[in-house]
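This report describes the strand arrangement of one protein model and the elements that surround it. The sequence and structure are shown first.

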Amino acid sequence: MSGRAQLMWDEAVTGYDFGPSHPMDPVRLELTRRLVGAFGLDRELAVVAAKPAGESTLKLVHREDYIDAVKTASADPAGADGSYGLGTLDDPAFAGMHEVSALIAGQSVGAAEAVWRGDAEHAVNFAGGLHHAMPGGASGFCVYNDAALAIARLLELGAERVAYVDVDVHHGDGVQAAFWEDPRVLTISLHEHPGTLFPGTGWPQETGAGAGEGAAVNVALPAGTGDAGWLRAFHAVVPELLAGFRPQVLVSQHGADTHFEDPLAHLAVSLDAQRAVQLACHELAHAHADGKWVALGGGGYAVVDVVPRSWTHLVGIVAGRPVAPETEIPEGWRQDVFARTRQLGPRRMTDGRWPVEYGDWEAGYDPADRLDQAVLATRRAAFPLRGLLP
């Protein structure tokens, strides 16, 4: 099995369910897994169910008192301690919350272990990417921070340089916080400007502290940024940083909530641009991390039209069999969608914008353009700290 890609999947992850009125509907995971199967992608990689993250693993990132609070709320949701962010509107307590959260974390940790040990070159856990959970509290629909736990496990196994690239519409605040003073982890987050979106952090001036000064990089994108601007910002920042850092493993988070149909944010990115960034992360892993790539899901609340297609593209790229944008979606899957949600599913694996074009940063920038101002703010704040020209 060495060198073969892995899809981390356990049907029980769909139990991560905050209730019928919550935007994080677990149907998005179920529909993604079915679309992956409809395209036969699960035959192109090993489907692996890892064990839940145990307490010693959870403690690599989370405080013991917080883990105890999650366990208590999991056994008695009505008794959830709100001081830990549990039992809130964003993170309602539910029976079994600890168990399923640990299971999702275990899939990301298992992915990291498989890639580090060489059991797989790439591994993907689209149920993961719960990047807002803090060491001592739940936040933003996230109970345990599987992304941070996967990175912490890589460090425990001996990794000296791990890069984390987060393209969710929301700032990857929990992962940044976990490694704020750790020079072994380079966190890069591209997200909607904190002035217009939760969690209100991710300013360019947030660059780490102590030994980790310069190890956090943030690109705060103006609301309304579309495909060309999003890809321009990504390519103006990420490749140069990774080339300088030379990570041993690339961990990337692919929240689908940058999409123009997402109900909780204000970017205007298409499925085709999301696919372009997924392909870019694959290429960057091979260029700078010897091919070692752990890919995670994240946010995404257009749960029928966007999330399953975006993450199926991700699985295809991880598997080495990318799905062409013009591909028709199998009718059987669309029938499943209607039976499950009473919504009509999309017909093709594209928003009709492929190939997506953007202006290269090296060709020059416009100081009056808001997108270029955002990129330049990031480069000026972070690049000199890494020995790079802004």
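Both faces of strand β4 are covered: Val 162, Tyr 164 and Asp 166 on one side, and Ala 163 and Val 165 on the other, are all buried (under 20% relative accessible area with a 1.4 Å probe, protein chains only; exposed is over 50%, partly exposed in between). In a regular strand the side chains alternate between the two faces of the sheet. This is a predicted model, in which local features need pLDDT of at least 70, side-chain atom pairs count only at pLDDT 80 or more, and totals for chains, interfaces and linings use all residues. Residues are numbered from 1 along each chain as its sequence is written, and side-chain values use heavy atoms, without hydrogens and water.

Strands are DSSP runs of E with at least two residues, and helices are runs of H or I with at least four, numbered from the N terminus. Two strands pair if DSSP finds at least two bridges between them.

| Strands | Bridges | Residue partners |
|---|---|---|
| β4 and β7 | 5 bridges | Ala 163 and Leu 250 |
| β1 and β3 | 2 bridges | Leu 7 and Val 124 |

From β4 the chain crosses through helix α6 (residues 173-178) to β5 in a right-handed β-α-β crossover, meaning that, with the strands pointing away from the viewer, the path from the first strand over the helix to the second runs clockwise.

The open sheet comprises 8 parallel strands in the order β2-β1-β3-β8-β7-β4-β5-β6. Its edge strands, β2 (46-48) and β6 (216-221), each pair on one side only.
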